[in-house]
Amino acid sequence: MSFAWRHPSTWVEGTSRLWRRSLRFRTVLITLALTALAILIACVWMALAIQNDLFQSRRNEVLDDSRRATVAAQATLDAGEVQGDRVRLQNLMRGVGDDIARQSSSDRIAVFRVDSAPSSIAPQDFTAGGFDEEIVSEGLRERVQAQPTSQWWQSVTLEDDSGQTVPGIVVGQQLLVPEVGAYELYLAYDLSAASQTLGFVQSTLWIVGITLIVLIGAISWFVLRAVATPIAEAAETSERLAAGELQVRLPVRGEDELATLGRSFNAMADSIQAQILELADLSLVQQRFVSDVSHELRTPLTTIRLAADILNDRRETFDPAASRAAELLHAQVQRFETMLGDLLEISRYDAGSVQLEWEATSLAHLAEDIIAEMAQLAEKHGSDVRLVAPGGYSPVDMDARRVRRIVRNLLGNAIEHGEGRPIVVSVDSNSTAVAIGVRDFGMGMKPADAERVFDRFWRADPSRKRSIGGTGLGLSIALGDARLHGGTLAVWSEPGGGSNFVLTLPRQPGGTIEAPPLRTEPDAETDALDALGLTQPIGVLGDAAVLSAELTADASSDSARSGGVS
């Protein structure tokens, strides 16, 4: 299935098909998925580790810088002589601010008085460098006010010169002003440089990770191509070998494990080819032997049959022992002749020399004729043969002789194994096929026996007495005749429930059967009626009336499928 880019549904279907059928695609996809997951985890971990280390390093630098500036400022305050002069104290605080700006790498400074009591000489609070008082949280101020000797910091968001927000840190500590008391000192540091460094490192990590995924995918593809190509060649060669091309072999390159596999495969193919050719020659010899022996036996068998017929016609003049011997001889010669005919037919199938003689035949009329022919045998076994034919009267091209042989064989087996119960012969048709089913209610077969019922010379119960003979080839020949017509011969059976054989033939030679007219597995309700003997035959109409009725029904069916006729 190809990908249609305008139809996303084909993407899923195409990918699913590639996943099922391509070992290379599946392996590369799994490799890429696991590699991408591993690289993602590694990149995320490295990015977080670098971010944390970079932040901690910059934070320690900021704290050290703030501590130096605070110590220098406190030293200036301790060295100053105020003597209660308000002007001197103002000048001292202005000088302290200049010292902090020189000692610190930050120009964003804020100084706030801790004690809110009025004082005539206490310097006013001030800020420098565009320090925004709102970045100092109440929690940070409480910590700075509560612990004079400690240094506290907090991550904040600052604004640069262009008005954009950048990450930052504000550090707070107390200053002790002579004759006035404690003041809060806050320094705000811009971390945009560290953020840019972190962004560069993260983008580099992602670029390297994606590049690694692409490279690993390409390497996996080429490595798998080197391994999967010989495997694909082996699979293709195996398919061709299974299709009958016995001469195909794998190309052998090098001396590695794949080359050893190729040599082993070729040796196996040589052995298989030799055995198949040997078996083919042996089969051909057997076919010729069976055909030649069968043909050679026909002349003496004809002479023996004529002699047996003469003896059988005059058996009433013989003594009882000789009369019985003549009767047995006549019956066994007939059975031998039937077996010889079956062997000749099998040999023709094996040689592929069977030719069909097509003629238009009504399957329902053919079934009536065969039921009439075997009425005496059915009466002898106490079986009542019923014909149910709602369809199948219109002529269909078939080899009438071979279809008669199939139906005769199926009906004979039903009479033989029907245990004297009713036998239902069903004929029906549809627009593409005709079918005939033979249903008995006798002993039935096990599922394992039903699977082998068409094998040559196979019988479900070899010890069972047969009153109408049989060679064990009838159903095998019937299956071959059905396949020659392009049809099917199916069986359903269960122990104690009887058997149902259904022959389905296409209406046209070489045509297809869309749906079989008859089901192989019988309906439970119909079976119950049949077992009670309630099934009644449908009266046979005249040929013209039946043909007209069936054509009308077929036309109605076709019009219903096509939406009606005018």
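**Strands, helices and cores**

Modeller: In this predicted model, strand β1 (residues 108-113) and strand β5 (residues 181-190) run antiparallel and are joined by six bridges.

Biologist: What makes β1 and β5 a pair?

Modeller: Pairing requires at least two bridges between two strands. Six bridges join β1 to β5, so the two strands count as paired. Within β5, Glu-184 stands opposite Phe-112.

Biologist: In what order do the strands of the open sheet lie?

Modeller: The order of the five strands is β2-β1-β5-β4-β3, with antiparallel pairing.

Biologist: Why are β2 and β3 called edge strands?

Modeller: Strands β2 (126-128) and β3 (152-159) each pair on one side only, and they are therefore the edge strands. Between neighbouring strands of this sheet the average turn is 25°, direction ignored.

Biologist: Which strands does helix α3 touch?

Modeller: Helix α3 (residues 86-103) packs on the sheet and touches β1, β2, β4 and β5. Its direction makes about 145° with that of β1. Helix α2 (residues 23-79) also packs on the sheet, where it touches β3, β4 (165-177) and β5. The direction of α2 makes about 30° with that of β4.

Biologist: How do you know that α10 and α12 pack, and at what angle?

Modeller: Two packed helices are described by the angle between their axes and the distance between the axes. For α10 (residues 400-417) and α12 (residues 474-484), the angle is about 140° and the axes lie 9 Å apart. Their crossing is left-handed. Contact means heavy atoms within 4.5 Å; among the residues making it are Arg-402, Ile-406 and Leu-410 of α10 and Leu-475, Ile-477 and Asp-481 of α12. The residues of this contact comprise six nonpolar, three polar and three charged.

Biologist: What makes a set of residues a nonpolar core?

Modeller: Its members are buried nonpolar residues joined through side-chain atoms within 4.5 Å, and buried means under 20% relative accessible area. The largest such core has 39 residues. Leu-363, Val-403 and Leu-411 are among those that touch the most other members.

Biologist: Which element gives the most to this core?

Modeller: Helix α10 does, with seven residues. Elements that each supply at least two residues include α8 (363-373), β9 (423-429) and β12 (498-506).

Biologist: Which residues does Val-403 touch?

Modeller: Leaving aside residues up to four places away in sequence, Val-403 touches Leu-363, Leu-366, Met-398, His-485, Leu-503 and Leu-505. A second, separate core has 24 residues, including Met-93, Val-111, Ile-121 and Val-177.

Conventions. Residues are numbered from 1 along each chain as its sequence is written. This is a predicted model: local features need pLDDT of at least 70, side-chain atom pairs count only at pLDDT 80 or more; totals for chains, interfaces and linings use all residues. Side-chain values use heavy atoms; hydrogens and water are left out. Axes are lines fitted to C-alpha atoms, for helices over the stretch in contact, and angles run from 0 to 180 degrees between N-to-C directions. Helices (H or I, at least four residues) and strands (E, at least two) are DSSP runs, numbered from the N terminus. A crossing is left-handed if the near helix is turned anticlockwise from the far one by less than a right angle, and right-handed if clockwise. Ala, Val, Leu, Ile, Met, Phe, Trp, Tyr, Cys and Pro count as nonpolar, Asp, Glu, Lys and Arg as charged, and the others, Gly among them, as polar. Buried means under 20% relative accessible area, exposed over 50%, partly exposed in between (1.4 Å probe, protein chains only).
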